[in-house]
Amino acid sequence: MGYVTGFLTPVKSENKERYVASAEAAWPHFQRYGATAHVENWGVDVPDGKVTSFPMAVKQEEGEVVVFSWLVWPDKATADNAWANMENDPAFADMDMPFDGKRMMWGGFETVFNNGST
């Protein structure tokens, strides 16, 4: 059914335009490696939790927004191959990363239900 790499990222509100530009610049490279969709979502209604929450997960700081993103791949093998090759791809070396990558989290997920276009 497909494979998704999902991300949570804290981004300073003032860096929204830079973040969107970075995502737009990355998409052709992800696509070249086999991604079939790339979705970026800017947090609008992301409440703090008492036990756990998106803000807690990324250790959100004052002036930051949580961004929830994902890449869709045909399968895990394509995603694994892409990530292995992107590490050494010069096209990614100089990419603007307007966020704290140390507080970014990601994971790979097998699709078990999809009632939409991605």
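A residue is called buried when its relative accessible area is under 20%, exposed when over 50%, and partly exposed in between (1.4 Å probe, protein chains only). The views show a predicted model, in which local features need pLDDT of at least 70, side-chain atom pairs count only at pLDDT 80 or more, and totals for chains, interfaces and linings use all residues. Residues are numbered from 1 along each chain as its sequence is written, and side-chain values use heavy atoms, with hydrogens and water left out.

**View 1. The open sheet of four strands, in the order β2-β3-β1-β4.** The pairing in this sheet is antiparallel; strands (E, at least two residues) and helices (H or I, at least four) are DSSP runs numbered from the N terminus, and two strands pair if DSSP finds at least two bridges between them. β2 and β4 (105–110) are the edge strands, each pairing on one side only. Neighbouring strands are turned against each other by 15° on average, with direction ignored. Such angles are taken between N-to-C directions, from 0 to 180 degrees, of axes that are lines fitted to C-alpha atoms, for helices over the stretch in contact.

**View 2. Strand β3 and its pairing with β1 and with β2.** β1 and β3 run antiparallel and are joined by ten bridges. Along this pair, Thr-5 has Leu-71 of β3 as its bridge partner, and Val-11 stands opposite Val-65 of β3. Toward β2 (residues 37–42), β3 pairs over six bridges, again in the antiparallel sense. Here Asn-41 has Phe-68 of β3 as its bridge partner, while Trp-42 stands opposite Val-67 of β3. Of the ten residues of β3, eight are buried, so the strand is largely enclosed by the rest of the structure.

View 3. Tyr-3 stands opposite Glu-110 of β4. β1 is mostly covered, with nine of its ten residues buried.

**View 4. Helices α1 and α3 against the sheet.** Helix α1 lies across β1, β2 and β3 and runs at about 170° to β2. Helix α3 packs on the sheet and touches β1 and β3, its direction making about 120° with that of β3. Contact, here and below, means heavy atoms within 4.5 Å.

**View 5. The buried face of helix α3 (residues 76–86).** Ala-79, Ala-82 and Met-86 are the buried residues of this helix. Looking down the axis of α3, these buried residues fall within an arc of 65°, so they line one face of the helix; the arc is that of the directions from the helix axis to the C-beta atoms. The cover over the buried residues of α3 includes β1 (3–12), α1 (16–32), β3 (64–73) and α4 (90–93).

**View 6. The largest nonpolar core, with 13 residues.** Such a core is a set of buried Ala, Val, Leu, Ile, Met, Phe, Trp, Tyr and Cys residues joined through side-chain atoms within 4.5 Å. Phe-30, Tyr-33, Leu-71, Trp-73, Met-86 and Phe-92 have the most contacts inside this core. At least two core residues come from each of β1, α1, β3 and α3. The helix α3 gives the most, with three residues. Met-86 touches Phe-30, Tyr-33, Trp-73 and Phe-92, residues up to four places away in sequence not being counted.

**View 7. Ser-22 in helix α1.** Ser-22 has a relative accessible area of 9% and is therefore buried. Neighbours within four places in sequence set aside, Ser-22 is in contact with Met-95, Asp-96 and Pro-98.

**View 8. Two exposed loop residues, Lys-59 and Asp-45.** Lys-59 is found in the loop between α2 (54–57) and β3. The relative accessible area of Lys-59 is 60%, so this residue is exposed. Its phi is near 55°, a positive value in a residue other than glycine. Asp-45 lies in the loop between β2 and α2 and counts as exposed because its relative accessibility is 69%. A separation of 16 Å lies between the C-alpha atoms of Asp-45 and Lys-12, which are 33 residues apart along the chain.
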